[in-house]
Amino acid sequence: MFRDPVPEGADVVLLSNVLHDWDVPECRALVARCARALPPDGPRLLIHDVFLNDSLDGPLPIALYSAALFRLTEGRAYSAAEYRAWMAEAGLVPGGVTPTLIHCGVLPGTRPD
């Protein structure tokens, strides 16, 4: 996913439970790669994951999970603000988080016209 080309022209690119396994530089690079593959005017990048709050100190289940990720992977849990910043850097307009199941949510980033 870091070397092979991202297929171009998709209406949606979904990163589901992917980014929390990687450190910030890899996450930023992957978000940028996916954003570049989206055509303009509406196609979206969707990040489905757990979200720390913007002060990075909770909620408790996500903070505990993030601590476990330190030990198991190169990553951690990130906040919606961090994801939004990476999306904006990549030229996407980030939206709001829609909660899903078990502490997860979906954050869209839309490619502008």
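This is a predicted model: local features need pLDDT of at least 70, side-chain atom pairs count only at pLDDT 80 or more; totals for chains, interfaces and linings use all residues.
1. Architecture. The protein chain contains three helices and six strands. Read from the N terminus, these elements follow the order β-α-β-α-β-α-β-β-β.

2. Confidence. The mean pLDDT of the protein chain is 93, and 100% of its residues reach 70 or more. By element, helix 3 (residues 80-89) has the highest confidence, at 98. The lowest belongs to helix 2 (residues 60-72), where the mean is 93.

3. Overall dimensions. The C-alpha trace of the protein chain spans about 40 × 30 × 25 Å along its principal axes. Its radius of gyration is 14 Å; because a compact globule of 113 residues would have a value near 13 Å, the two agree. The accessible surface comes to about 6200 Å², and carbon and sulfur atoms account for 58% of that area.

4. Of the 113 residues in the protein chain, 40% count as buried. Among contacts with a separation of 6 or more, 67% are between residues 24 or more positions apart.

5. In soluble globular proteins, nonpolar side chains tend to be buried together. Here the largest nonpolar core has 20 residues, and those with the most contacts inside it are Leu-19, Val-31, Leu-45, Tyr-83 and Met-87. Two or more residues of this core come from each of strand 1 (12-16), helix 1 (24-37), strand 2 (44-52) and helix 3. The greatest contribution is that of helix 1, which supplies five residues.

6. Val-31 within that core. Apart from neighbours within four places in sequence, Val-31 is in contact with Leu-19, Leu-45, Ile-47, Trp-86, Met-87 and Ala-90. Of these partners, Leu-19, Leu-45 and Met-87 are also listed with Val-31 among the core residues with the most contacts.

7. Second core. A separate nonpolar core of five residues is also present; its members include Val-50, Leu-52, Ile-62 and Ala-77.

8. Helix 1. This helix has 14 residues and reaches 20 Å from its first C-alpha to its last, close to the 20 Å expected at 1.5 Å a residue. Its buried residues are Cys-27, Leu-30, Val-31, Ala-32, Arg-33, Cys-34, Ala-35 and Ala-37. The listing includes a charged residue, Arg-33. The cover over these buried positions includes strand 1, strand 2, strand 3 (78-79) and helix 3.

9. Glu-82. Is Glu-82 buried or exposed? The relative accessible area of Glu-82 is 17%, so the residue counts as buried, the cut-off being under 20%. Leaving aside neighbours within four places in sequence, Glu-82 is in contact with Leu-56 and Arg-76.

10. Although Leu-56 is not a glycine, it has a positive phi of about 65°. Leu-56 is partly exposed, with a relative accessible area of 40%, and it is one of the contacts of Glu-82 noted above.

11. The loop between strand 5 (98-99) and strand 6 (104-110). Ile-102 lies in this loop. The phi of Ile-102 is near 50°, a positive value in a residue other than glycine.

Methods
Residues are numbered from 1 along each chain as its sequence is written. Side-chain values use heavy atoms; hydrogens and water are left out. pLDDT is the predictor's confidence in each residue, from 0 to 100. Helices (H or I, at least four residues) and strands (E, at least two) are DSSP runs, numbered from the N terminus. A nonpolar core is a set of buried Ala, Val, Leu, Ile, Met, Phe, Trp, Tyr and Cys residues joined through side-chain atoms within 4.5 Å. Buried means under 20% relative accessible area, exposed over 50%, partly exposed in between (1.4 Å probe, protein chains only). Contact means heavy atoms within 4.5 Å. The expected span of a helix is 1.5 Å times one less than its number of residues. The radius of gyration is taken over C-alpha atoms; the globule rule is 2.2 Å times the number of residues to the power 0.38. Accessible areas come from the Shrake-Rupley method with a 1.4 Å probe; for residues, only the protein chains shown count as cover.
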